[in-house]
Amino acid sequence: MEQANAIKSHRGRAALLFAAVFVVWLAFDVVTKGWVAGGWSEGELVTGPILGLVRFHLVHNTGMAWGMFGDSTFALGVMSLVVCAIMVLYLFAFSPNAGKLEIVGIALVVAGGIGNALDRFTLGYVVDFIEPVFIDFPVFNVADIGVTCGFVLFLAGMLLSWHRGDRADAQAAPGPGESDAR
């Protein structure tokens with residue numbers, strides 16, 4: 001009974017953390033895209049290089065990075081929703097003891113996926129505007145940052161969780177010459 005209450009309490013805290021990160025990141029994505037798309041035309045440079053790193057350059061993207069799957073915006077939107085649903089299902093149904101890194105990572109991935117899917121379904125393209133100037137790299141947006149960084153955090157959280165589990169198993173295992181009868 002006590003373990004069931006602990007799991008229920010953990011899931012509640014996980015849901016709150018997930019919701020907070022999701023809402024904040026999705027709002028940040030929507031606001032930044034609205035700011036750029038509301039005042040400039042496609043292809044227009046919004047700013048010059050900022051600290052020699054990036055400039056804001058409005059692009060309407062109907063595919064993925066590097067022009068892959070161009071003009072597949074609806075299919076990519078559906079795929080985003082499916083991936084988001086699978087990740088949320090994993091978090092809340094199959095990972096009752098997910099750590100904070102996993103929760104934050106999944107929340108960022110889902111917020112980014114939903115942000116880009118909203119663009120795809122409402123506009124027919126994704127609003128991209130962050131263009132690195134020091135490297136040949138595709139123009140991206142805040143949602144893309146969430147997906148990329150979120151995936152890295154999720155993997156790091158899983159690796160840490162597995163490492164902690166391995167250490168706990170090693171500490172609980174009987175040492176050489178000890179019996180397992182406890």
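Leaving aside its neighbours within four places in sequence, which residues is glutamate 131 in contact with? They are Leu45, Leu53, Val54, Arg55, His57 and Val139, where contact means heavy atoms within 4.5 Å. Glutamate 131 has its place in strand 2, and its relative accessibility of 15% makes it count as buried, a class that takes in residues under 20% relative accessible area, as against exposed for over 50% and partly exposed in between, with a 1.4 Å probe and protein chains only. The side chain of glutamate 131 is also joined to that of histidine 57 by a polar contact of 2.9 Å; such a contact is a pair of N or O atoms within 3.5 Å, of which, within protein, one must be able to donate a hydrogen and the other to accept it, and residues adjacent in sequence count only if both atoms are side-chain atoms.

The model is a predicted one, in which local features need pLDDT of at least 70 and side-chain atom pairs count only at pLDDT 80 or more, while totals for chains, interfaces and linings use all residues. Residues are numbered from 1 along each chain as its sequence is written, and side-chain values use heavy atoms, with hydrogens and water left out.

The protein chain has four helices and two strands, which from the N terminus on run in the order α-β-α-α-β-α; helices (H or I, at least four residues) and strands (E, at least two) are DSSP runs, numbered from the N terminus. Of the 182 residues of the chain, 33% count as buried, and among contacts between residues at least 6 apart in sequence, 66% join residues at least 24 apart.

Not counting residues up to four places away in sequence, isoleucine 106 touches Phe18, Met87, Tyr90, Leu91 and Phe154.

Met87 and Leu91 are also among the buried residues of helix 2, together with Thr73, Leu76, Gly77, Ser80 and Cys84. Seen down the axis of helix 2, these buried residues fall within an arc of 105 degrees, so they line one face of the helix; the arc is that of the directions from the helix axis to the C-beta atoms. On the other side of helix 2, Phe74, Ala75, Ile86 and Phe94 are exposed. Methionine 79, which lies in helix 2 (residues 73–94), counts as partly exposed at 46% relative accessibility, and its C-alpha atom is separated by 8.8 Å from that of alanine 117, 38 residues apart along the chain.

According to the unreviewed UniProt entry, the annotation "transmembrane region" covers residues 12–28, 74–94, 101–118 and 138–160; positions are given in the numbering used here, feature names are shortened, and annotations may be inferred rather than shown by experiment. In the model, residues 12–28 are 100% helix and 0% strand, with end C-alpha atoms 24 Å apart, and residues 74–94 are likewise 100% helix and 0% strand, with end C-alpha atoms 29 Å apart.

Leucine 51, in the loop between helix 1 and strand 1, counts as exposed at 79% relative accessibility. Most residues other than glycine have a negative phi, yet leucine 51 has a positive phi of about 55 degrees although it is not a glycine.
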